[in-house]
Amino acid sequence: MAFPRFDPRQQQRGYQIRVNHRIRVPEVRVIAADGSMLGVLQTHEALRMALEQSLDLVEVNPKAEPPVCKILDFGKYKYEEKKKQAQARRNQAVVEIKEVKLRPKTDDHDIDFKVKASRRFLEGGHKVKFTVRFRGREITHPEKAHEQLDIILKQLEDIANIETRPMMEARAMSVIVAPKPAVMQKVAQLRAAQEKARQQAEKEGKAPPPEPSSADLPEDDDDDDDDDDDDDDDDVQGEGEGAPKGEAKEEPGSN
């Protein structure tokens with residue numbers, strides 16, 4: 001069975017605003033530059049009126065019968081639409097899922113470090129996924145992971161709700177928590193204040209204030225060796241105390 005040849009010209013394109021000579025219907029309903037309604041006019045007549053004012057004839061409602069067009073500055077119109085879209089994106093609440101990785105051998109000090117980082121994420125309006133990864137024979141003792149997750153959830157119960165209960169995913173146990181409504185309300189108020197400050201700075205011609213960002217935890221060592229040393233086991237999410245990767249430790253007595 002033969003398939004039709006691919007023609008790139010047949011690819012679907014997004015909605016394109018028709019302007020001036022691209023408006024090919026015989027007549028349109030015209031709105032003047034000052035917002036007054038001029039009524040239904042022949043398209044060539046409406047275009048002539050726009051050109052006489054050094055403006056453009058822009059189709060603003062193609063689904064109407066006849067289509068509605070407005071006489072305006074198309075360049076300024078595109079700029080205003082772009083600003084509206086950027087404003088809508090800023091106002092949109094984006095919730096990310098931050099992942100915090102642990103091992104069954106992660107000690108209490110490192111767990112406290114991860115809890116503090118998780119609180120920052122939650123207070124920033126993000127969800128947090130805790131993942132305890134097993135290596136080798138550690139998979140035979142899932143109760144250790146349950147204990148760790150219970151400790152963490154208890155320390156975060158004042159600002160977080162459990163969204164998914166601890167469950168096994170291949171060789172890992174994970175749980176997801178989400179900020180409580182009161183926390184999200186504070187985040188919304190903070191974002192509104194930041195947007196107000198940004199608009200004020202833009203109005204005064206100053207540089208907008210930097211947007212605060214919660215730094216992610218460093219990536220975990222993802223090796224799956226079963227015979228890792230204890231120091232390697234705790235090298236999760238960047239809280240290890242050894243030399244940075246790529247740097248050799250100096251041996252005692254060496255010059």
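Helix H3 passes helix H4 in a right-handed crossing, where right-handed denotes that the near helix is turned clockwise from the far one by less than a right angle, and left-handed that it is turned anticlockwise. The contact is made by Ile111, Asp112, Val115, Ser118, Arg119 and Leu122 of H3 and by Gln148, Ile152, Gln155 and Leu156 of H4, contact being defined as heavy atoms within 4.5 Å. By class, five nonpolar, three polar and two charged residues form the contact of H3 with H4; Ala, Val, Leu, Ile, Met, Phe, Trp, Tyr, Cys and Pro count as nonpolar, Asp, Glu, Lys and Arg as charged, and the others, Gly among them, as polar.

The model is predicted: local features need pLDDT of at least 70 and side-chain atom pairs count only at pLDDT 80 or more, whereas totals for chains, interfaces and linings use all residues. Residues are numbered from 1 along each chain as its sequence is written, and side-chain values use heavy atoms, with hydrogens and water left out.

Helix H3 spans residues 108-123 and helix H4 residues 142-156; they pack at an angle of about 45 degrees with their axes 10 Å apart. H3 is therefore oblique to H4, the class left for angles that are not under 35 degrees (roughly parallel), over 145 (roughly antiparallel) or 65 to 115 (roughly perpendicular). Axes are lines fitted to C-alpha atoms, for helices over the stretch in contact, and angles run from 0 to 180 degrees between N-to-C directions.

The protein has six helices and eight strands, taken as DSSP runs numbered from the N terminus (helices H or I, at least four residues; strands E, at least two). Their order from the N terminus is β-β-α-β-β-α-β-α-β-α-β-β-α-α. Of the 255 residues, 33% are buried (under 20% relative accessible area; exposed is over 50% and partly exposed in between, with a 1.4 Å probe and protein chains only). Among contacts with a separation of 6 or more, 61% involve residues 24 or more positions apart.

Ser174 lies in strand S8, residues 172-179. Its relative accessible area is 3%, so Ser174 is buried. The side chains of Ser174 and Glu169 are joined by a polar contact of 3.2 Å (N or O atoms within 3.5 Å; within protein, one able to donate a hydrogen and the other to accept it, and residues adjacent in sequence counting only if both atoms are side-chain atoms). Beyond four places in sequence, Ser174 is in contact with residues including Lys129, Phe130 and Thr131.

Glu45, in helix H1 (residues 43-52), counts as partly exposed because its relative accessibility is 26%. Its side chain makes a polar contact of 2.3 Å with the side chain of Arg48.
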